[in-house]
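Hi there,

I am passing a structure on to you, and below it you will find some notes on what turned up. Please keep it open while you read.

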Amino acid sequence: MSSDARILYIVYCGVAVAVLKEFNAVVTEPYMDEPFHVPQALAYCKGEWSTWDPKITTPPGLYILSVLLHWVFMFKCNLNLLRLTTTLTLFALPLVLTRLLGFHQRRRSPPILAPLIEALVLSTFPIAWFFGFLYYTEVPSLVSVLCTVVAATQNRHWLAGLLGIVSCLFRQNNVIWVLYAYAASQLMRLRFKRGYAKLHDPPALGAGPGDFLRSITSAPKALPELLPAFTPYAVVLALFGGFVIWNDGIVLGDKSNHVPSFHVPQLYYFIAFATMIGWPAVLCGESGPLKVATEVMLRMRTLLTAIISIFMGITIQRFTIHHPFLLSDNRHFTFYIWRRVFMLHAAVPYLFIPGYQACAWAWWIRVARDQSLLQTLVLPVLILPTLLPTPLLEPRYFLVPYVLLRAQVVDVRPYGIFVEGLWYMVINVATTYIFLYKERVGVGRFMW
């Protein structure tokens, strides 16, 4: 089995190299955000460490990684080899995902260069795959976050803290995922610690509101057990707090176009996006799609559904943001979705409310199947401070939340993994073909 996995991994890497070569052959000039990132990386390669483009709003982790590769492997600093930086992290993605999936599925991981087929499939997730061939921070950021989580789940907390600092060098909001790494590791440990009953954390599917309240009130009793491992993560938080004070805010550079908001509908867009992309994982579990659909219908036939619908309607009415970039940049797919779907009629955004709820319940049922209540809640809770402040509808923002969510679905059948891989491949082929070969004069190339 491991030899087959190695062969598939080699094929995966080979396809990635071929796609990168085509990107470099067709897109010969920096595109979209690359005109900001590439000159900054070239300045660092020349040793001009004090140079900084004020329009760049993320930390310099991507450029530092490129410089390290330049020093160690004598890579030239040009557009083609800078893009190789992100593709190399795409190579690492299935290796790290194998460890994360092994943690959630509670099984021993295979040899390092023999990733799980499920990890290989998830590594072709369309957002990760596409941006693995452009000089963007998305894939390096994702890999650094996953490395942090994996180190924490292996009880290597000081290493997790160090990797957490590295992840924050790619994107500031990765500090949230440092907390996730700590919480995920500790909740799993306490769940299977013999004789430990101070923290009330029942199986998620059978839990109710009363269980949630008991979990909250019992949490202080668990602090003596939880605090010792928190020290490395506290160091990360302290350093991040120092950065925020020094920088007078979280955003580097141009703060005018990145003002934090209270964008509640962003959560609805995320769960809809996650379901449209990840429907094979939702439907192809051990119980089958009919069982999932039945459970979703049963959970929606309640008064609570009506109350939630009213709440969601109010938040859509009050907090929908028509961001200027979303309305003006017609090189992104979201431009057309927004104009041709959400702006079709004033009532359209409200028509999706039942669908949002159904999607959320479907993911809850799939994720909660093999987790405790707090294990299931910790990711949605930490998604809130990640997505709520982002005013722009941008699928790239969904990358880390989706991969962490999908990794918690532990019982996808082999045929489901095959369908998932096929679905990802269709999307990747379509988006890559459109980007590379359907450039429009006066508009540009279309992308996520």
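Predicted model: local features only at pLDDT ≥ 70, side-chain atom pairs only at ≥ 80, totals over all residues.

**Cysteines first, then helices**

Cys-45 has a partner. Its sulfur atom and that of Cys-77 are 1.8 Å apart, and the two residues form a disulfide. A search of the whole structure finds one disulfide. The torsion about its S-S bond is about -60°, so the disulfide of Cys-45 and Cys-77 is left-handed. What does the pair tie together? Cys-45 lies in helix H2 (residues 34-45), while Cys-77 sits in the loop between helix H3 (61-73) and helix H4 (79-105), so the bond links parts that are 32 residues apart in sequence. Cys-77 has a relative accessibility of 21%, so Cys-77 counts as partly exposed.

Cys-13 is in no disulfide, and the nearest cysteine sulfur, that of Cys-147, is 15 Å away. Cys-13 is buried, with a relative accessible area of 14%. For Cys-284, the closest cysteine sulfur is in Cys-359, and that is 15 Å away, too far for a bond. Cys-284 is buried as well, at 7% relative accessible area.

Now for the helices. Two packed helices are described by the angle between their axes and the distance between the axes.

At what angle do H3 and H4 pack? The angle is about 100°, and their axes are 10 Å apart. H3 and H4 are therefore roughly perpendicular to each other. On the H3 side, Leu-62, Leu-65, Ser-66 and Leu-69 take part in the contact, and they meet Leu-82, Thr-85, Thr-86, Leu-88 and Thr-89 in H4. By class, this contact of H3 with H4 has five nonpolar, four polar and no charged residues.

The other pair is helix H12 (residues 265-283) and helix H20 (residues 399-407), whose axes come within 11 Å and cross at roughly 45°. That makes H12 oblique to H20. The crossing of H12 past H20 is right-handed. In this contact, Phe-270, Ala-274, Ile-277, Gly-278 and Ala-281 of H12 meet Pro-401, Tyr-402, Leu-405 and Arg-406 of H20. The residues there divide into seven nonpolar, one polar and one charged.

Enjoy exploring!

Key. Residues numbered from 1 in each chain as written. Heavy atoms only, no water. Disulfide = S-S within 2.5 Å. Helix = DSSP H or I, 4+ residues; strand = E, 2+ residues; numbered from the N terminus. Buried < 20%, exposed > 50% of the residue type's maximum accessible area, 1.4 Å probe, protein only. Axes fitted to C-alpha atoms, helices over the stretch in contact; angles between N-to-C directions. Parallel < 35°, antiparallel > 145°, perpendicular 65-115°, else oblique. Contact = heavy atoms within 4.5 Å. Nonpolar A, V, L, I, M, F, W, Y, C, P; charged D, E, K, R; others polar. Left-handed = near helix turned anticlockwise from the far one by under 90°.
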